[in-house]
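Look over the sequence and the fold before reading on.

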Amino acid sequence: MAELGSKGVTAGKIASNVQKKLTRAQEKVLQKLGKADETKDEQFEQCVQNFNKQLTEGTRLQKDLRTYLASVKAMHEASKKLTECLQEVYEPDWPGREETNKIAENNDLLWMDYHQKLVDQALLTMDTYLGQFPDIKSRIAKRGRKLVDYDSARHHYESLQTAKKKDEAKIAKAEEELIKAQKVFEEMNVDLQEELPSLWNSRVGFYVNTFQSIAGLEENFHKEMSKLNQNLNDVLVSLEKQHGSNTFTVKAQPRKKTKLFSRLRRKKSSDNAPTKGNKSPSPPPDGSPAGTPEIKVNHEPEPASLDTPGAAIPKSPSQSSLPAVVVETFPATVNGTVEGSTPSKRSDLPPGFMFKVQAQHDYTATDSDELQLKAGDVVLVIPFENPEEQDEGWLMGVKESDWHQHKELEKCRGVFPENFTEKVQ
């Protein structure tokens with residue numbers, strides 16, 4: 001029997017809820033058709049608009065903060081792998097190995113500490129802030145339903161009072177239901193009228209605290225990271241001083257041996273042919289561009305990058321591609337002249353002069369038709385007699401000092417790697 005009673009109560013509650021929904025639906029239809037007035041509260045509606053805006057902004061901030069934390073974690077992993085690589089390549093007998101390992105360890109700890117503090121002081125606070133919105137949102141929706149119940153009870157009471165045949169019992173019951181509906185609505189309305197403005201005003205302090213925390217944590221993180229980077233730089237400077245003779249050597253791009261170069265070599269060899277019994281010059285080391293003149297490379301060079309002008313550190317001769325960063329490109333030549341321009345006729349410049357370049361690195365000539373360059377040398381660039389004989393990445397020219405001294409191209413001119421120079425005129 002108790003079970004049946006329980007089921008009866010449940011069934012009655014369901015029926016009551018269904019009836020309320022029907023009554024509310026009918027009331028909303030009448031209000032939309034203009035057959036029943038609707039209670040309006042513009043001040044409360046403005047509070048609801050502010051609430052929805054605040055919820056939207058907070059949700060976006062939470063999403064962006066999570067994205068920021070994911071990026072910090074990704075940077076941590078990338079930094080960790082980079083320091084691990086340094087530890088692997090740093091040989092045991094090099095000075096500063098222990099310091100390098102300590103720096104790597106502190107680097108990892110610093111990233112972990114930064115990420116955890118962001119979670120504690122920003123993300124968790126953000127989650128707590130947004131945690132209050134679902135309950136308030138639910139209460140706003142419930143307040144709206146109770147307002148419809150109040151309007152419906154009011155309209156029912158008014159219709160009974162204005163009826164031609166009045167039923168006092170029904171009027172009294174309707175009045176009782178109206179008072180009850182009004183009381184329930186007003187209790188919810190009063191609470192929300194107090195909470196919503198307070199919640200809206202709290203957003204300022206919350207945003208200030210959140211972004212101050214993030215900014216402060218990031219500032220401290222970069223200060224500590226800067227110290228670690230300075231320590232690492234000091235260790236590497238010490239390593240460089242001890243092994244200064246083994247620093248990276250700038251090398252030119254390998255070039256093909258064209259007919260022009262062969263002709264220049266034969267001419268210079270005949271003019272300076274060694275006497276009988278004299279020893280011929282020793283060949284360049286194996287693997288150098290001039291050390292393997294007979295090897296024919298059957299491929300086309302990769303085009304030079306045009307993204308970044310300026311001087312660059314070239315690649316070694318063993319690589320067939322151009323350097324990753326190439327100097328500013330020079331004008332193309334057609335039949336020995338600059339395309340779209342007229343060669344200079346000035347007597348103090350070599351015939352066909354196009355522009356000047358300045359050596360940014362020392363270059364040791366590996367063949368008799370090449371120019372020997374020192375950083376700072378100025379070279380007067382001239383066109384090739386046959387543009388088809390120009391190798392990619394190489395220019396023809398004469399050092400300015402040699403030209404002013406001799407005024408003879410045959411004695412002074414030669415080829416040089418373009419990526420060892422920078423255009424100055």
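At roughly what angle do the axes of H3 and H5 cross? This is a predicted model, in which local features need pLDDT of at least 70, side-chain atom pairs count only at pLDDT 80 or more, and totals for chains, interfaces and linings use all residues. Residues are numbered from 1 along each chain as its sequence is written, and side-chain values use heavy atoms, with hydrogens and water left out. Helices (H or I, at least four residues) and strands (E, at least two) are DSSP runs, numbered from the N terminus.

Two packed helices are described by the angle between their axes and the distance between the axes. An axis is a line fitted to C-alpha atoms, for helices over the stretch in contact, and the angle runs from 0 to 180 degrees between N-to-C directions. The axes of H3 and H5 cross at roughly 175° and come within 10 Å. That makes H3 roughly antiparallel to H5.

Next comes helix H4. The axes of helix H4 (residues 133–161) and helix H5 (residues 168–242) cross at roughly 150° and come within 8 Å. H4 is therefore roughly antiparallel to H5. The residues of this contact of H4 with H5 divide into 18 nonpolar, four polar and 11 charged. H4 passes H5 in a left-handed crossing. A crossing is left-handed if the near helix is turned anticlockwise from the far one by less than a right angle, and right-handed if clockwise. Helix H2 (residues 42–89) also packs with H4, at an angle of about 150° and with the axes 12 Å apart. H2 and H4 are therefore roughly antiparallel to each other, and H2 passes H4 in a left-handed crossing.

Is Asp 151 buried or exposed? Its relative accessible area is 1%, so Asp 151 is buried. Buried means under 20% relative accessible area, exposed over 50%, and partly exposed in between (1.4 Å probe, protein chains only). Asp 151 and Leu 178 are 27 residues apart along the chain, and their C-alpha atoms are separated by 8.6 Å. In helix H5 lies Pro 197, which counts as partly exposed at 29% relative accessibility. From C-alpha to C-alpha, Pro 197 and Val 48 are 9.4 Å apart, while in sequence they are 149 residues apart.

Now to the aromatic rings. Rings of Phe, Tyr and Trp (its six-membered ring) pair if their centres lie within 6.5 Å; planes under 30 degrees apart count as stacked, over 60 as edge-to-face and the rest as tilted. By this rule there are 10 aromatic pairs. One of them joins Tyr 129 and Phe 206, whose ring centres are 3.8 Å apart and whose planes are at 5°, so the pair is stacked. Tyr 129 is in helix H3 (residues 97–131) and Phe 206 in helix H5, 77 residues apart. Both residues, Tyr 129 and Phe 206, are buried. Ring pairs link Phe 51, Tyr 129, Phe 133, Phe 206 and Tyr 207 into a cluster.

A charge can also sit over a ring, if NZ of Lys or CZ of Arg is within 6 Å of the ring centre and within 35 degrees of the ring normal. Arg 143 lies over the face of Phe 44, at 3.6 Å from the ring centre. Lys 423 lies over the face of Phe 355, at 4.9 Å from the ring centre.

The last stop is a backbone angle. Most residues other than glycine have a negative phi. Lys 407 has a positive phi, near 60°. Lys 407 is found in the loop between helix H7 (400–406) and helix H8 (409–412), and counts as partly exposed at 39% relative accessibility.

How values were computed. Parallel < 35°, antiparallel > 145°, perpendicular 65-115°, else oblique. Nonpolar A, V, L, I, M, F, W, Y, C, P; charged D, E, K, R; others polar.
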